[in-house]
Amino acid sequence: MIDSVVLPLPEPAVAFSTCRGEEATPSDPYSGFSVCHYTGDHPLHFQACRLELIANRGIRQEGLIIPRQTHSDRVATIDHIPFPEAKLEGVDALVTSMRNVMLCINTADCVPVALSDPTAGVIAVAHCGWRGTVNDLLSNTLAAMHRLGADPSRIHAAMGPSICPSCFEVGEDVAEVFRSAFPNDAAVVLEPVTNQVKPHINLAAAITARLASLGLPTNQIIPPRACSRCNPMRFYSARALSIASGRTLTAITLPSAH
């Protein structure tokens, strides 16, 4: 049975983030459940995990949409199945109104953001590392959702397991990028204090501010409930395990209407 945490979004959307599970071991950064195909894992492992996922969730193999993320601001709208794999290269967000299609994002400290307009039946998922948070990824994602009939005032967003502000220490160059991008949000950049040498970034606060500026009501934005770096045996963490490790899957789908 796949171990996962549910992301609280209104029906009909179903969103969740996977846990590494009982197979995770301290000596193997790829051990546990991971479907990611571009971080050095053995193909037999991530392919077996994909088969387990589609069997567990009742999704056809061609309905499992997994992009090759590159911290870009590119969004793919899934409007037919099968969807060409080439069009998923360099993509960091996915949008659809199709049912029985599972939109997937892989993370290991970055923030996965699942979005849904339950009235329009439009869903999305975005990969927000620090670059994805300050670039146009979220605005491009919401624009793609709008083209399918979504309205920002109706969109709900939930963030999955990701690095917490206490763990996300950054250099002055990254901190300055966030100061410039969020000049009126004091909660985003946590300046050094007596026991810290470098600034820290609150990615969830930055994402909340960005989504609110795009029209989402703040009471419809749910922050992460677990830190990946604090819990590397439960969720993959690049900072704790190295970038040569598995990835936590965050997925969203619209099940068949009954």
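How many aromatic pairs does a search of the whole structure find? The search finds two. This is a predicted model, in which local features need pLDDT of at least 70 and side-chain atom pairs count only at pLDDT 80 or more, while totals for chains, interfaces and linings use all residues. Residues are numbered from 1 along each chain as its sequence is written, and side-chain values use heavy atoms, with hydrogens and water left out.

**View 1. Trp130 and Phe178 form a tilted pair.** Their ring centres are 6.5 Å apart and their planes stand at 55°. Rings of Phe, Tyr and Trp (its six-membered ring) pair if their centres lie within 6.5 Å; planes under 30 degrees apart count as stacked, over 60 as edge-to-face and the rest as tilted. Trp130 lies in helix α2 (residues 130–134) and Phe178 in helix α4 (residues 172–181), 48 residues apart. Helices are DSSP runs (H or I, at least four residues), as are strands (E, at least two), numbered from the N terminus.

**View 2. Phe178 and Phe182 form a stacked pair.** Here the centres are 6.1 Å apart and the planes at 20°. Phe178 is buried at 0% relative accessibility. Phe182 is buried too, at 6%. Trp130 is partly exposed, at 24%. Buried means under 20% relative accessible area, exposed over 50%, partly exposed in between (1.4 Å probe, protein chains only). Ring pairs link Trp130, Phe178 and Phe182 into a cluster.

**View 3. Strand β9 (residues 156–159) pairs with β7 (residues 111–117).** The two are antiparallel, with four bridges. Strands pair if DSSP finds at least two bridges between them. Ser116 stands opposite His156.
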